[in-house]
Amino acid sequence: MRTNLLYLFLITVTFFSCKSRSNITYFQNLENRYDQNILIDTLSNYESEIVPDDILSIYVSAEDPNAVAIFNLPPVSYLTIGETDLTSAPKLQTYLVNKDGYINYPQLGKLHVAGMTRRQVEDFIKEKLKVYVKDPLVTVNITNFKITVLGEVNTPGSLPITSERISILDAIGMAGDLTIYGERKNVLLIRESNGKKEFHRFDLTDPAIFTSPYYYLQKNDVVYVEPNKAKRSSARYGSDKQFNITITSTIISAVSTLSALFIAIFK
């Protein structure tokens, strides 16, 4: 009898262990489902495009610095709150991409850059400068790239991005990974595109995430990790328990008041 009970116990533990693993392990059966070369091509060809409201840092250099001086905005220094003198190093001024996708560039005028990648903008400006400067070097950076990660992660909040691109996995990693209560099969991405909201859901246990067109994030994307069933059940139990305590306290208080009133009347 004891042997049978022990055998049943081991089967139960094994079952729940396998179930637990299937709920929390990322990219299951990756080697069996996807050709590695396809994944490499998919992950290496993405470049973020510039969109309206992007803020660009553009710097032009050349063998003769004086020849490119007119194509660079003068650096400025800023006073932060509490400072009394300009002790920080001057910073380059930036260009705002307007709602129509243009920037106003010194000497070159209005340039349409929306829809281009950072490298394409560098080549585009470089070609225009060749008329004036020999062998110009153009460096472009997007300075206001940020994403937000909310919900069941260890460090939720907004994350400034300084790299060329960021994936959904990078964002989750920067937020400290999911907590044990995070729902790994239903991670929500919220994106604004052309004034409309887009919604996409990721299953982190499925390697299909690597071939998703949403794998790489865009500026101002929001990633939300919802709580799993265990966390929701715990929260509901806590709420119900608190409600029952409140009701019980109210009833006891009412009974106590009525008892005191009854004693006072018939004393």
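The model is predicted, so local features need a pLDDT of at least 70 and side-chain atom pairs count only at pLDDT 80 or more, while totals for chains, interfaces and linings use all residues. Residues are numbered from 1 along each chain as its sequence is written, and side-chain values use heavy atoms, with hydrogens and water left out.

On confidence, the protein chain averages a pLDDT of 79, and 66% of the residues score at least 70; pLDDT is the predictor's confidence in each residue, on a scale from 0 to 100. A contact here means heavy atoms within 4.5 Å.

Next come the strands. Helices (H or I, at least four residues) and strands (E, at least two) are DSSP runs numbered from the N terminus, and two strands pair if DSSP finds at least two bridges between them. Strand β1 (55-61) runs antiparallel to β2 (residues 95-96), joined by 2 bridges, with Leu96 as the bridge partner of Ile55. β1 is also antiparallel to β5 (residues 137-142), this time through 6 bridges, and there Ser57 stands opposite Asn141.

Strand β6 (residues 146-151) likewise has two pairings to look at. With β7 (residues 157-160) the sense is antiparallel, over 4 bridges; a hairpin of 5 residues makes the link from β6 to β7, and Ile147 faces Leu159 across the pair. With β10 (residues 222-227), β6 runs parallel, again through 4 bridges, and Gly151 is found opposite Val225. As a general point, side chains in a regular strand alternate between the two faces of the sheet.

The cut-offs are under 20% for buried and over 50% for exposed, with partly exposed in between (1.4 Å probe, protein chains only). Leaving aside residues up to four places away in sequence, Ser48 touches Met116, Thr117, Arg118, Phe145 and Glu164.

The other two have positive phi. Gln107, in the loop between β3 (102-105) and β4 (109-112), has a phi of about 70° although it is not a glycine; at 57% relative accessibility, Gln107 counts as exposed. Asp135, in the loop between α5 (118-129) and β5, has a phi near 50°, also positive in a residue other than glycine. Asp135 is exposed too, with a relative accessible area of 60%.

Finally, the largest pocket holds about 580 Å³ of space. A pocket is an open set of points on a 1 Å grid over the protein atoms alone, where a 1.4 Å probe fits, with protein on both sides within 12 Å along at least five of seven lines; lining residues have an atom within 4 Å of a point. Grid points are joined across faces, edges and corners, and the volume is the space filled by probe spheres set on them. Of the 23 lining residues, Val51, Glu192, Ser193, Gln218 and Lys219 are the closest to the centre. Strand β8 (residues 182-193) gives the most to the lining, with 4 residues. By class, the lining has 8 nonpolar, 7 polar and 8 charged residues, where Ala, Val, Leu, Ile, Met, Phe, Trp, Tyr, Cys and Pro count as nonpolar, Asp, Glu, Lys and Arg as charged, and the others, Gly among them, as polar.
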